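Subject: Structure for you to look through

Hello,

Here is the structure I said I would pass on. Please open it next to this email and follow along; my notes come after it.

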Amino acid sequence: MHKLVDQLFFELQRPVTIESRDFELLAYSGHHDETDEVRMRTILSKRASAHVFHYLHEHGWMQKIEQADGVVSIPPLPEIDLGARAVVCLKHAGKVYGYLWVQAAFHDLTDEQRRRIEEVAKEAAQILHEQMGKTYKRQEEVHDLFLRFIQYRDMSERDVQMELQLLGVTFPSRFAVVVVYVENDRRKDDIQQYMTWMTKATHAPIFFIYHNHPFLLIVGETPTQRPIDVVNMMITKLQQDFHCRIDHDVLVGIGNEYSGLQKLRDSYKEAMEVIHLKKNMDEPLPHAYCDLGIYRIVPFIYEQYKQRRYKNEAITKLKKHDEQHGTDFLHTLRTYIQHDCNMKQTAESLYIHPNTLHYRLKRMQSITTLPLHDFEQRMMLYIDLLLYKYKESIVDEQQK
């Protein structure tokens with residue numbers, strides 16, 4: 001690989017770089033004084049920086065490069081300190097292995113030079129296929145093994161441990177499962193590629209399984225960080241570097257931390273439960289299952305209520321009034337209980353005057369009896385309000 005870039009540099013007298021699909025530096029040539037900041041930072045850190053990665057994806061350059069059959073011209077991009085580039089996607093049998101970058105403007109290259117770049121790109125793609133093909137195959141075998149263990153009860157922990165040993169894989173001593181659900185289909189590939197980049201840049205044992213959707217990560221601990229700390233760092237980078245809106249563009253669910261492979265299914269189920277609730281509660285919820293609080297029991301109580309055909313008559317009456325008169329009593333009531341019946345805090349949360357809140361509560365009491373002075377009754381009313389919202393989301397989802 002290094003001989004290829006050195007030879008191409010000698011022929012073109014232009015700096016040449018080869019990177020993997022997740023922007024890890026694989027080979028680079030020498031350069032002249034005119035090399036730009038992006039190339040220097042990539043060489044020093046051995047991979048492209050996050051803001052360069054994000055910019056090229058966000059502005060459609062990576063999609064254009066991967067879809068093209070030949071050299072793609074990228075003009076100077078001063079926003080990320082990137083000079084002009086001629087780039088070819090390294091593909092073999094339809095699989096993308098990386099990119100060959102030449103620091104040169106497209107119009108400064110002759111037709112012969114462009115053909116030569118494409119020839120070298122084909123050679124590099126063949127080399128990467130031979131070098132990385134076995135690695136990719138091994139990764140897929142490991143990922144398939146984890147998925148089978150999670151999804152099928154007939155696989156024992158002992159069988160999985162033996163297969164992992166044969167594959168030369170060490171399972172983390174302590175781990176947490178993370179589920180990532182991308183709401184926007186058009187961003188799935190970009191986010192998957194960025195997360196692949198991030199898992200390799202993070203010094204923690206991570207298995208990133210992206211064969212199907214939602215994505216699945218098994219995150220291990222480091223000598224200084226618990227799995228949950230590693231995950232929170234990754235979420236922060238996803239928000240800041242890739243400009244993802246968590247709980248809008250991407251839903252994240254984190255299972256509890258466990259030791260022992262036999263707990264993998266439990267952590268996965270917990271992470272999926274978080275995703276399920278986020279999709280059906282339509283409000284901000286914690287990422288970690290352990291932080292869900294009362295929300296953890298909502299699906300179970302809902303199933304019990306559904307079997308018994310239970311309805312809270314007070315909520316039914318208030319919902320009917322909201323629909324007929326355009327009021328917002330159910331939301332007001334829920335916010336009031338959330339704030340422990342504190343008038344001032346509830347009014348501030350709803351952006352209304354305390355007198356307006358007092359009037360609404362008085363009107364609600366005239367419509368139906370609300371047990372707001374008894375803690376246990378008030379708590380049951382709050383649970384019923386959560387269940388009502390959960391039920392509406394479930395019904396809407398089934399009707400789509």
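What volume does the largest cavity have? The model is a predicted one, and in it the volume of the largest cavity comes to about 150 Å³. The lining of this cavity is made by 15 residues, and E19, V38, L82, R85 and W101 are the closest to the centre. Four elements, β1, α2 (37-45), α3 (50-58) and β5, supply at least two lining residues each. Helix α2 gives the most, with three residues. Sorted by class, the lining has nine nonpolar, three polar and three charged residues.

Cavities of 30 Å³ or more number two. The second largest cavity holds about 90 Å³ of space. Its lining consists of V178, V180, M195, M198, L217, V219, V231, M234, I235, L238 and V252. The elements giving two or more residues to that lining are β6, α7, β8 (215-220) and α8 (227-240), and α8 gives the most, with four residues. The lining of the second largest cavity has eleven nonpolar residues, no polar ones and no charged ones.

The largest pocket has a volume of about 710 Å³. It is lined by 25 residues, and those closest to its centre are Q139, H143, T196, K200 and Y210. Two or more lining residues come from each of β5 (95-102), α5 (111-151), α7 (188-201) and β7 (206-209). Helix α5 gives the most to this lining, with seven residues. The classes here are ten nonpolar, nine polar and six charged.

T196 is part of helix α7. Is T196 buried or exposed? Its relative accessibility is 13%, so T196 counts as buried, the cut-off for buried being under 20%. Apart from neighbours within four places in sequence, T196 is in contact with D22, F208 and Y210.

The second largest pocket contains about 370 Å³ of space. There are 16 residues in its lining, and Y310, K311, N312, Y388 and K391 lie nearest its centre. At least two lining residues come from each of α10 (298-308), α11 and α15 (375-399). Helix α11 provides the largest share, five residues. By class, the lining of the second largest pocket divides into six nonpolar, two polar and eight charged residues.

Helix α11 also turns up in a helix pair. The axes of α11 (residues 313-325) and α12 (residues 329-338) come within 8 Å of each other and cross at roughly 130 degrees. The two helices are therefore oblique to each other. On the α11 side the contact is made by I315, L318, K319, H321 and D322, and on the α12 side by F329, L330 and L333. Five of the residues in this contact are nonpolar, one is polar and two are charged.

Most residues other than glycine have a negative phi. F23 has a positive phi, near 65 degrees, and sits in the loop between β1 (16-20) and β2 (25-28). R309 has a positive phi too, near 55 degrees, and its place is in the loop between α10 and α11. R309, at 76% relative accessibility, counts as exposed, since the cut-off for exposed is over 50%.

E183 is found between β6 (175-182) and α7. With a relative accessible area of 40%, E183 is partly exposed. How far apart in space are E183 and D249? From C-alpha to C-alpha the distance is 5.2 Å, although the two are 66 residues apart in sequence. Leaving out neighbours within four places in sequence, the contacts of E183 are H248, D249 and L251.

That is what I have on this structure.

Regards

Note on methods
Residues are numbered from 1 along each chain as its sequence is written. This is a predicted model: local features need pLDDT of at least 70, side-chain atom pairs count only at pLDDT 80 or more; totals for chains, interfaces and linings use all residues. Side-chain values use heavy atoms; hydrogens and water are left out. Axes are lines fitted to C-alpha atoms, for helices over the stretch in contact, and angles run from 0 to 180 degrees between N-to-C directions. Angles under 35 degrees count as roughly parallel, over 145 as roughly antiparallel, 65 to 115 as roughly perpendicular and the rest as oblique. Contact means heavy atoms within 4.5 Å. Ala, Val, Leu, Ile, Met, Phe, Trp, Tyr, Cys and Pro count as nonpolar, Asp, Glu, Lys and Arg as charged, and the others, Gly among them, as polar. On a 1 Å grid over the protein atoms alone, a cavity is a set of points where a 1.4 Å probe fits but cannot get out, and a pocket is an open set with protein on both sides within 12 Å along at least five of seven lines; lining residues have an atom within 4 Å of a point. Grid points are joined across faces, edges and corners, and a volume is the space filled by probe spheres set on the points. Buried means under 20% relative accessible area, exposed over 50%, partly exposed in between (1.4 Å probe, protein chains only).
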